[in-house]
Amino acid sequence: MKNCVRLAASLLLLAVSTCGAKAEPSSAVRALPVPMSTIPAGQVIRASDLTERKFHTTSRSLLGMATSLSEIEGKEARRRLQAGKPVPLAAVMKPIAVRR
């Protein structure tokens, strides 16, 4: 009986100690493309509209964000892009060739 109690206590301690033991992703400073001024929805993004700004990032924080100028240059803004803020890839699209 004592061995069963010890085994149960050991298993419980092991479960509790490993539950919250998620490794934090490493943080790094990275330059990301940002608009120099606010870009309205519908405007095609030019290289002259963009600059790079350094941010503390993790691999998780970069998911879905533009990490290079070439990813967003020549694309059309789906929504207003704020100056100095990283650009989500979902906020840009290929420009429409013909408008009605």
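1. The side chains of Asp-49 and Arg-46 form a salt bridge, with 3.1 Å from N to O; the term stands for a side-chain nitrogen of Lys or Arg within 4 Å of a carboxyl oxygen of Asp or Glu. By this rule the count comes to one salt bridge. Asp-49 is itself buried, at a relative accessible area of 11%, where buried means under 20% relative accessible area, exposed means over 50%, and partly exposed lies in between (1.4 Å probe, protein chains only).

2. A word on the basis of these points: this is a predicted model, in which local features need pLDDT of at least 70 and side-chain atom pairs count only at pLDDT 80 or more, while totals for chains, interfaces and linings use all residues. Residues are numbered from 1 along each chain as its sequence is written, and side-chain values use heavy atoms, with hydrogens and water left out.

3. The protein has two helices and four strands, and their order from the N terminus is α-β-β-α-β-β. Helices (H or I, at least four residues) and strands (E, at least two) are DSSP runs, numbered from the N terminus.

4. Of the 100 residues in the protein, 22% are buried. The accessible surface comes to about 7,500 Å², and 59% of that belongs to carbon and sulfur atoms; such areas come from the Shrake-Rupley method with a 1.4 Å probe, and for residues only the protein chains shown count as cover. Among the contacts with a separation of 6 or more, 58% are between residues 24 or more positions apart, a contact being heavy atoms within 4.5 Å.

5. Which residues make up the largest nonpolar core? There are ten of them, namely Ile-39, Ile-45, Leu-50, Ala-66, Ile-72, Ala-77, Leu-81, Val-87, Ala-91 and Val-92. A nonpolar core is a set of buried Ala, Val, Leu, Ile, Met, Phe, Trp, Tyr and Cys residues joined through side-chain atoms within 4.5 Å. One of the ten, Ile-72, is in contact with Pro-33, Ile-45, Leu-50, Ala-66, Val-87 and Val-92, when its neighbours within four places in sequence are left aside.

6. Ile-39, another member of this core, sits in the loop between strand 1 (28-35) and strand 2, and Ile-39 is buried with a relative accessible area of 2%. Not counting residues up to four places away in sequence, Ile-39 touches Ile-45, Asp-49, Ala-77, Arg-79, Arg-80 and Leu-81. The C-alpha atoms of Ile-39 and Gln-82 are separated by 6.7 Å, although the two residues are 43 residues apart along the chain.

7. Ala-77 belongs to strand 3 (residues 76-77) and counts as buried at 2% relative accessibility. Beyond residues up to four places away in sequence, Ala-77 touches Ile-39, Pro-40, Ala-41, Gly-42, Gln-43, Ile-45 and Ala-91. Ala-77 and Ala-90, which are 13 residues apart in sequence, lie 9.3 Å apart in space, C-alpha to C-alpha.

8. The side chain of Glu-71 reaches the backbone nitrogen of Ser-68 at 3.1 Å. Apart from residues up to four places away in sequence, Glu-71 touches Met-65, Ala-66 and Leu-89; with Leu-89 the separation is 18 residues in sequence and 8.1 Å in space, C-alpha to C-alpha.

9. Thr-57 lies in strand 2 (residues 50-57) and is buried, with a relative accessible area of 6%. Leaving aside neighbours within four places in sequence, Thr-57 is in contact with Ser-26, Ser-27, Ala-28, Arg-30, Leu-32 and Leu-62.

Key: A polar contact is a pair of N or O atoms within 3.5 Å; within protein, one must be able to donate a hydrogen and the other to accept it, and residues adjacent in sequence count only if both atoms are side-chain atoms.
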